[in-house]
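Good morning, and thank you for coming. Today I would like to walk through one structure, step by step, with the sequence and the model on the screen.

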There are 2 protein chains.
Amino acid sequence: MSTLKAKTKTASLSLLCALVALGCGAARGQSAKSVWVELGTQAGPIPNPTRSEPAHVLLWRDQPILVDVGDGAAEQLAKAHIPIDSIHAVFISHLHFDHTGGLFAFLGMRDQGGGPGRKLITIYGPPGTKAMVDGLRSAMQSGSALLPQKPSDYKVVELSDGSSVSVGDVKVTTVSNSHYLLWRGSGAQPVSLSYRFDLPDRSIVYTGDTGPSANVEKLAHGADLLVSEIMDADTALDELKRDRPGISKVTYNFVRDHFTKEHLTPNQAGLLAAHAGVRALVLTHFGGATGYPDQIARLTKVIGENFHGSIRFATDLDQF
Amino acid sequence: MSTLKAKTKTASLSLLCALVALGCGAARGQSAKSVWVELGTQAGPIPNPTRSEPAHVLLWRDQPILVDVGDGAAEQLAKAHIPIDSIHAVFISHLHFDHTGGLFAFLGMRDQGGGPGRKLITIYGPPGTKAMVDGLRSAMQSGSALLPQKPSDYKVVELSDGSSVSVGDVKVTTVSNSHYLLWRGSGAQPVSLSYRFDLPDRSIVYTGDTGPSANVEKLAHGADLLVSEIMDADTALDELKRDRPGISKVTYNFVRDHFTKEHLTPNQAGLLAAHAGVRALVLTHFGGATGYPDQIARLTKVIGENFHGSIRFATDLDQF
């Protein structure tokens, strides 16, 4: 198209998008005190009818930070009244698709909407993140050619155990954890990260997916808030024995090891919070847990045997 | 890892996934009569807090067909009790990200879950679909390396005006429509497709995104059900004039043309249904429409001036 036509179209579509966006409210992700929002509290990879896949957002002043991007993260952001163009930093804990699946929609719709806040976006994650994002950008080329506006500039920063970066006045420190423990010795060396966000008003640690881990305990030392995954292994293993009475011992033991060494049982989550000396604990990423009140009460009691601070179980869109 | 260890891990994780999937029910997408399920009824690209992005599924016997894959489509499938591994055919109408954004999560979680029904998946769409899917598969490599099971085999079939393919005993015919009308003469030649599904029990036409189009009228001729997009242009243009009193005539006219030539106003949707002689009309892909009852009543009246069959406005998870 002609330059004039292209410019008119760009201006018009931006206006159109701003118009369609009116329902999003005026929040634009600004917050005077830090707020941790649970966008999705379900463990994947099987999509769940009542909880969204893992995604979280840390609201701080005008720089909301997206932490993991499960399927439907863009829609969950809308439910939390956070415009997708207000986000310029994304942290990925690990590359299992339940934590990354929503990234294509997030990046694509952010570009297609062409909102006024859209600028350079930086995606942080473990080794492999750059290859993933490059693939997504390649996948976006056909669709981006149908948009009058230019795609966002983007940057990928791969992190490893002990990395530390700053996003504005938020210091982000990461360690590798034990989520891929059973892969050790296999030749593959996948990395799963936990993050600590030190903000001017408080410190928040997000475990991502992990089993018991001295690294994570150290990372979480003295944090104001620990957002931890949880796996109700007892319930899940009971169901396994009930539903598969002929299960081999080898298979049963593998599943048990996965649940208890690569994820955190309620007891292990309580121990982590106690050893780290955090002030408050929020449980998310429900695996083997239905979230029904009787189960929550039972799990809270188990956690409380070791951890005596505040214990809360998150549901989608809860704020902490 | 050793072959034995790898095999055990594969078997174990499949079992694990089957276990975690128990909540999905026994539906597995089977249906003796065809059912059209609206997974997402919102027009993108701005995510909406009350309606999911465009996605639909056609249930027919043991071969459910996914039609467009907006953000959160995998989670919407879970809400409709349709396991993601039961789907082996996906049709994409066009490459705007509100219709494709959920594909990365869908493909990734389907592989990660490793469910028992997972086999070759075929993705049909306009030119550019292969490049998009190839990019997604490239993006998946880092994450797939963390899975014990092999990624799904996949095939992409690019369609153009007049193409016809079969999925089992469902005949699918497509035409190009007018959604990219304003791009004509720009050098770019994007294609947006509408689909007709001829099943043994009835015929269903899905407009995708389109403006008035003789091709779509012809495609929809005599169909039992027309699933049409809708744009409440009058409301949207009134809001535009109210919110942007200084808008230039050029920009206003462009937006008006986009709304009324590249999308379907209520009057145009009614004319399409009437001219095609369809039996029933379902409206989806709400643009400029809030879905409040008074608006629905007003739009129904406008459509009813031309079309005298059944008129229904879809909400997420409605079945037709």
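Predicted model: local features only at pLDDT ≥ 70, side-chain atom pairs only at ≥ 80, totals over all residues.

Sorted by class, the contact of α3(A) with α4(A) contains 8 nonpolar residues, 1 polar residue and 2 charged residues.

G115(A) sits in the loop between α3 and β5, the strand at 121–125 of chain A. Which residues does G115(A) touch, if we set aside its neighbours within four places in sequence? They are D85(A) and R110(A). For a sense of scale, consider G115(A) and I230(A), which are 115 residues apart along the chain. Their C-alpha atoms are separated by 36 Å.

The next pair of helices is in chain A as well. Helix α8, residues 266–276 of chain A, and helix α9, residues 293–304 of chain A, pack at an angle of about 45 degrees, with their axes 7 Å apart. That angle makes α8(A) oblique to α9(A). Their crossing is right-handed. The contact involves P266(A), N267(A) and G270(A) of α8(A), together with L299(A), V302(A) and I303(A) of α9(A). By class, this contact of α8(A) with α9(A) has 4 nonpolar and 2 polar residues, and no charged residues.

Now please turn to chain B. Here helix α8, residues 266–276, and helix α9, residues 293–304, pack at about 45 degrees, and their axes are 7 Å apart. The pair α8(B) and α9(B) is therefore oblique, with a right-handed crossing. P266(B), N267(B) and G270(B) of α8(B) meet L299(B), V302(B) and I303(B) of α9(B). The residues of the contact of α8(B) with α9(B) divide into 4 nonpolar, 2 polar and no charged.

How many residues does each chain give to the contact? Chain A gives 77 residues and chain B gives 76 residues. The area buried between chain A and chain B is about 6,800 Å², and carbon and sulfur atoms give 71% of that area. How many salt bridges are found across the interface of chain A and chain B? The count is 0.

I close with some details of the backbone. As background, most residues other than glycine have a negative phi, and most peptide bonds are trans. In chain A, however, the peptide bond from G44(A) to P45(A) is cis, with omega near 5 degrees. P45(A) lies in the loop between β1 (31–40) and β2 (55–61) of chain A. In chain B, G44(B) and P45(B) are joined by a cis peptide bond, with omega about 5 degrees. P45(B) is placed in the loop between β1 (31–40) and β2 (55–61) of chain B.

D68(A), a residue other than glycine, has a positive phi, near 70 degrees. D68(A) belongs to strand β3, residues 65–69 of chain A.

Thank you for your attention.

Methods:
Residues numbered from 1 in each chain as written. Chains lettered and ligands numbered in written order. Heavy atoms only, no water. Nonpolar A, V, L, I, M, F, W, Y, C, P; charged D, E, K, R; others polar. Contact = heavy atoms within 4.5 Å. Buried area = accessible area lost by both parts, 1.4 Å probe. Salt bridge = Lys/Arg side-chain N within 4 Å of Asp/Glu carboxyl O. Axes fitted to C-alpha atoms, helices over the stretch in contact; angles between N-to-C directions. Helix = DSSP H or I, 4+ residues; strand = E, 2+ residues; numbered from the N terminus. Parallel < 35°, antiparallel > 145°, perpendicular 65-115°, else oblique. Left-handed = near helix turned anticlockwise from the far one by under 90°.
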